[in-house]
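Here is a short report for a first look. Please view the structure, then read on.

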Number of protein chains: 2
Amino acid sequence: MKLFSYFRSSAAFRVRIALNLKGLSPPTEFVHLRRGEQSGSAYLAQNPQGLVPALTLEDGTVLGQSLAIMEYLDEVQPLPRLLPTDPPGRARVRSLAMLCACDIHPLQNLRVLNRLREAHKLDEQTANGWAAHWNEVGLKAYEDSITGNRHTGTCSHGDQPTIADACLIPQVFSAQRFKVDLSRYPTVMRVHEHCMKLPAFERAQPTRQPDAEP
Amino acid sequence: MKLFSYFRSSAAFRVRIALNLKGLSPPTEFVHLRRGEQSGSAYLAQNPQGLVPALTLEDGTVLGQSLAIMEYLDEVQPLPRLLPTDPPGRARVRSLAMLCACDIHPLQNLRVLNRLREAHKLDEQTANGWAAHWNEVGLKAYEDSITGNRHTGTCSHGDQPTIADACLIPQVFSAQRFKVDLSRYPTVMRVHEHCMKLPAFERAQPTRQPDAEP
């Protein structure tokens, strides 16, 4: 296995959490998103999706998409589990993960903010406001989905971290960058604080990566 | 089981395909997205994510997120399979599905186009251009991921439909609405034409739904 990562990518952050939870530390190649290395021919030849993260699989293929990578890790090395074993529980965890991965993160990542600024002439503040808006809508939906739900524990689902937490915690980091008032999501923040005490999450955060920049 | 659907929702279209492939036809409640019913208190009380589709599960909970629903269906009724059995194959299929579900669809759905028009004053043509752009970027990535790949068959992965095809075909419908030149993606269109000959796909399309409007 080899991981393609970038310190500030939320999606790479998810996979770093999952790898840490599994006790895996594959060699990592850094792809500098702000320099556009993900769109260079060398990277595209390996991952035609042109995004980070990616993982080289056992058969040599390069796999994109953070959730597909986490599901793969859970299939090839089942313990500790990143998903519960009961189908409704697995469905709930995937639904929470995808709330972050489909409905928040894609709307506020680097390429989308670049497009808003460059093609549609949004100024920096307005583009950041766009990003904050989708974080707010999504984190409210996440909060309402876990608050008072009998399956919520110290983590989003029970007391063991799952792919839902691996998606939520990087999203909270993003929301902080866009100056979202996180006090409105107390259950989300309780889970966040719990997870960030776990080494697998703490060591995965952007500032702790070898390619981190100020 | 009960499905919450809207004829024009690409994400609901995916789940309709999956249900048809499984030979399931649960009762359906229609949620009118253009009238904002997904944001009404009655719907939010059932699905706090406030999006369509959703599926009522065996334990009474209402599950959001089309991919989580399709994975659930594949776990509780394994045949015919919507995912291959080998982990690298499952990973490839999920990665293709998520390319549509994370990197194309969320950027061009109704709520995002509404936000661009209402909060950022993009005119209709410019907003549609935004939607076309992300369809083009994503479908090129999909095309480059399946063209010449030894795992591609008459479908995106082998010759049996998977969740990748259940995501791709509704995305092609969206791209057509935004007037994307689809001749640039010949492998995508070959898969699309094959799938649309299958009753499970044909019957799931927007115009064939009871709530369809002109």
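How many residues of chain A are in contact with chain B? In this model, 37 residues of chain A are in contact with 36 residues of chain B. Contact means that the C-beta atoms of two residues, placed from the backbone, lie within 7 Å.

## Basis

This is a predicted model: local features need pLDDT of at least 70, side-chain atom pairs count only at pLDDT 80 or more, and totals for chains, interfaces and linings use all residues. Residues are numbered from 1 along each chain as its sequence is written, while chains are lettered from A and ligands numbered from 1 in the order in which they are written.

## The side of chain A that touches chain B

Four elements of chain A give two or more residues to this side: β4 (62-64), α3 (66-76), α4 and α6. Helices (H or I, at least four residues) and strands (E, at least two) are DSSP runs, numbered from the N terminus. The largest share, 12 residues, comes from α4(A).

## Helix α6(A)

Helix α6 of chain A spans residues 124-146. Its buried residues include W130(A), W134(A) and Y142(A). Buried means 20 or more other C-beta atoms within 10 Å of the residue's own, with C-beta atoms placed from the backbone. Just after α6(A), G148(A) has a positive phi of about 75°.

Definitions and conventions:
Expected span 1.5 Å × (residues − 1). Buried ≥ 20, exposed ≤ 12 C-beta atoms within 10 Å, placed from the backbone.
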